[in-house]
Number of protein chains: 2
Amino acid sequence: MKKALAFDIGGTKIYYTIVNEQGEIDGDIKKNSTPKTIDEIKSILEKGIAENPDVDVIAIATAGAVNNENTRVISSTGNLPDGYRNIDFQKLSDKKVFVENDANAASWAEYKIGSSKGCANSVMLTLGTGVGGGIILNNKLYKGKSGSAGEMHFKMYPDKRRKCTCGAYDCFEAYASGTGLKLTAEEITGNKEITTYDVIDGLKVGCPEMTKVFKTWQNHITQGIIGLANIFDPDCFVLSGSMAQFVDTQKIEEDVNSEIVTSPTRVKLGTAGNYSGMIGTALLALESLEG
Amino acid sequence: MKKALAFDIGGTKIYYTIVNEQGEIDGDIKKNSTPKTIDEIKSILEKGIAENPDVDVIAIATAGAVNNENTRVISSTGNLPDGYRNIDFQKLSDKKVFVENDANAASWAEYKIGSSKGCANSVMLTLGTGVGGGIILNNKLYKGKSGSAGEMHFKMYPDKRRKCTCGAYDCFEAYASGTGLKLTAEEITGNKEITTYDVIDGLKVGCPEMTKVFKTWQNHITQGIIGLANIFDPDCFVLSGSMAQFVDTQKIEEDVNSEIVTSPTRVKLGTAGNYSGMIGTALLALESLEG
């Protein structure tokens, strides 16, 4: 069975491991803190490649948009060092090096071995510090003209209320993310020190104010999904990322299906796990060898 | 050269004509008011089919969502008689009868002979009494799981302000349509009798209040396009429909490109003309014969 050496390069950690053609992790998971320089990042990649000579392909899931040729990062990536987008990943190995955006890769893992398996059309939302998006259409990852499709920066308001990390205002990400939950909590409570943990803890013990904060946040997610459902008419939505565990997918699904003009859709939690980025990019990389 | 008999069935008019493989209209345009009963609608179709025995296919562009098999309408269509969705169009002729949603068909006409020609990925918005949408991805019409994708009912606000014709609140259609312009004018002026003509006339003579109304409306269009650009990373947007002539596409394009996180896109006026629905469905129908 063919195997990929898969990396996940994020703003805080770089992971790597071996993933086989069935999407199974077939080795230890190596973890490193993301270093501050390009050279140190390259060193981690080179070390992983040297340790694993018997793989068929190198597969990288990374923060940032990746081009349609799956060779390099094309967007700026706030949490990675300057010049990250200039890395020529192919130079790191004589084997094929395949690169994909981490959210896109995770959505592919959900499609191949997770909760959107069998869904020809699906939209994955990773609810974490930010919001990532991955779109599968007609059984293929949808990348757009340059490779950067699936950015969940559509507007929740049209009149400039809350600044988003992207520099614009009122993007879905600025409301539906963990950061968005904190900002909603600040607005409702007036407390600038409040954390997402405070909200979740309050929700668990039935605190009315924290419940209101949480429901406001979850409603933003619902409203965003309604729009995406009408645009894409997808078989399902997959919610993953660290914040997804707290949402009531059944309630969201009911609310979405009561409002959309397209046919009913499903809202599911992701099941491909914490390493879905590595699994997805490995599966895409292994499939690309067959081309 | 092969030819299609093409119909456009809308809430107020039913048109039909002959369209050839190059997307050229090759006959008179016949016009009928849309009758109030299913039988009368069928009679118009049967009359058109009887008049044109020498075509290769019957192509219908219609209001309402159409299934992925291109055989029948699957949504309710407010402006057409009850039971319209039950019409079995194939029974009207021994030749193949091909059906597509009117906005989808028009977007295909723009792609084949109009302003999105050469764009692998594009989103068309028809700005009329309502807002229609047509999405071309990877050089194909994107229809979703049931055929009803491309409904431009994503939210402008998350908190229930303006009711949309779809029954939900605050959809893009409720702001970006001609109806949306009238409602925005009502809100800003307090005058319930104001019309879209009043706004356009006021804009033309530099009336500050009407200019404010118009800019608010155009900003809603811009904000919606920003979201769609980040989601789809398309080569271009095409604006068509009766209201499109009034918008400043250059200004919208500049504003969109200054905010999106994906790569720059284009915003263009449609050029496939008033009969783009018939042209698009004819071209799709003729292509389907080759399959």
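This note walks through a predicted two-chain model, point by point.

1. A word on conventions comes first. Residues are numbered from 1 along each chain as its sequence is written, while chains are lettered from A and ligands numbered from 1 in the order in which they are written. Since the model is predicted, local features need pLDDT of at least 70 and side-chain atom pairs count only at pLDDT 80 or more, whereas totals for chains, interfaces and linings use all residues.

2. Let's start with the overall shape of chain A. Its radius of gyration, taken over C-alpha atoms, is 19 Å, which agrees with the value near 19 Å for a compact globule of 291 residues; the globule rule is 2.2 Å times the number of residues to the power 0.38. Along the principal axes, the C-alpha atoms of chain A fill a box of roughly 55 × 40 × 35 Å.

3. Chain A has 8 helices and 10 strands. These are DSSP runs numbered from the N terminus, with helices being H or I of at least four residues and strands E of at least two. Of the 291 residues in chain A, 53% count as buried. Here buried takes 20 or more other C-beta atoms within 10 Å of a residue's own, exposed takes 12 or fewer, and partly exposed lies in between, with C-beta atoms placed from the backbone. Two residues are in contact if their C-beta atoms, placed from the backbone, lie within 7 Å. Among contacts in chain A between residues at least 6 apart in sequence, 62% join residues at least 24 apart.

4. With 7 of its 7 residues buried, β1(A) is largely enclosed by the rest of the structure. Lys3(A), Leu5(A), Phe7(A) and Ile9(A) point one way, Ala4(A), Ala6(A) and Asp8(A) the other way, and all are buried. Do look at Lys3(A) and Asp8(A), the charged residues named here.

5. Two strands pair if DSSP finds at least two bridges between them. The antiparallel pairing of β1(A) with β2(A) (residues 13–20) has 7 bridges, and a hairpin through 3 residues joins β1(A) to β2(A). Ala4(A) has Val19(A) as its bridge partner in β2(A). With β4(A) (residues 57–62), β1(A) runs parallel through 6 bridges, and Ile9(A) stands opposite Thr62(A) there.

6. Over in chain B, strand β4 (residues 57–62) has 6 of 6 residues buried, so it is largely enclosed by the rest of the structure. β4(B) runs parallel to β1(B) (residues 3–9) through 6 bridges and parallel to β5(B) (residues 97–101) through 5 bridges. Leu5(B) stands opposite Ile58(B), and Ile60(B) has Val99(B) as its bridge partner in β5(B).

7. How do the two copies relate? A rotation of 180 degrees with 0.0 Å of shift along its axis superposes chain B on chain A, at RMSD 0.0 Å. The copies are thus related as by a two-fold rotation axis; they are superposed by least squares on the C-alpha atoms of residues with pLDDT of at least 70 in both. Tyr157(B) comes closest to that axis among the residues of chain B, at 2.5 Å (C-alpha).
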